[in-house]
Amino acid sequence: MLDVHRLMKSLSDRRPIFHSEADFQHEFAWEIRSAMPQSKVRLEYPIDPEAKKAVHLDIWLPIEQVAIELKYYTREFAAEWYDEVFLLRNHGAHPPKRFDFVNDIQRLEQCNCKKGFAILLTNEPLYWLAPPRSGTIDAAFRVHESKELTGSMSWQGTPAAGTKGNRESNITLSGLYTMQWRDYWAFPGKRFGQFRYLAVPVNP
């Protein structure tokens, strides 16, 4: 079965930083193919091709029946790796992005697969650090270290329309998930140079 942490360690040695989420997705799929040459790897795989609004899995392994969703949220950061320059932009908008990641877990629970993984890679400490105060609009969707996610989750208070966007529905998780962050890579002496990741295993 897929060993996500071993893959992330191997990937970090080869690619500690990515230009975009698509770049991360491609390189992670490459890592799977290298570690599991017998596996078939599909990107942007349609869950229901006949649905009016197509829904895709970031990565699908048809032989193993494993589904993977990836997120890459960044703060503004610049680095060079083997003569390649990386200029990351500030994604910001943390509440909707937290919602989207938790929604990935929900989607994997509902997916017709044997195993799922929701993976978030970031250099933004606000994702792994506990908030200084409670009662934030996205309190239910926080993913900081040791946070537990389960049951029905919704926005708190009255979030701005731009925050909620098309994220009106509650998220309901049948499983219990404890957030456990791991180090991915660090660029010493650089602000926002520490990259960490979440890899949440999901059993549908």
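A: Gladly! Let us start with a term: a contact means heavy atoms within 4.5 Å. This is a predicted model, where local features need pLDDT of at least 70, side-chain atom pairs count only at pLDDT 80 or more, and totals for chains, interfaces and linings use all residues. Residues are numbered from 1 along each chain as its sequence is written, and side-chain values use heavy atoms, leaving out hydrogens and water.

Q: What do the buried residues of α2 pack against?

A: Helices (H or I, at least four residues) and strands (E, at least two) are DSSP runs, numbered from the N terminus. The buried residues of α2 pack against α1 (4-14) and against the strands β1 (42-46), β2 (56-61), β3 (66-73) and β6 (115-122).

Q: Which residues of α2 are buried?

A: Buried means under 20% relative accessible area (1.4 Å probe, protein chains only). In α2 these are Asp 23, Phe 24, Gln 25, Glu 27, Phe 28, Ala 29, Glu 31 and Ile 32. As a general idea, an α-helix has 3.6 residues a turn, so residues three or four places apart point the same way.

Q: How many helices and strands does the chain have?

A: The chain has 5 helices and 10 strands.

Q: What box do the C-alpha atoms fill?

A: Along the principal axes, the box is roughly 45 × 45 × 30 Å.

Definitions and conventions. Buried means under 20% relative accessible area, exposed over 50%, partly exposed in between (1.4 Å probe, protein chains only).
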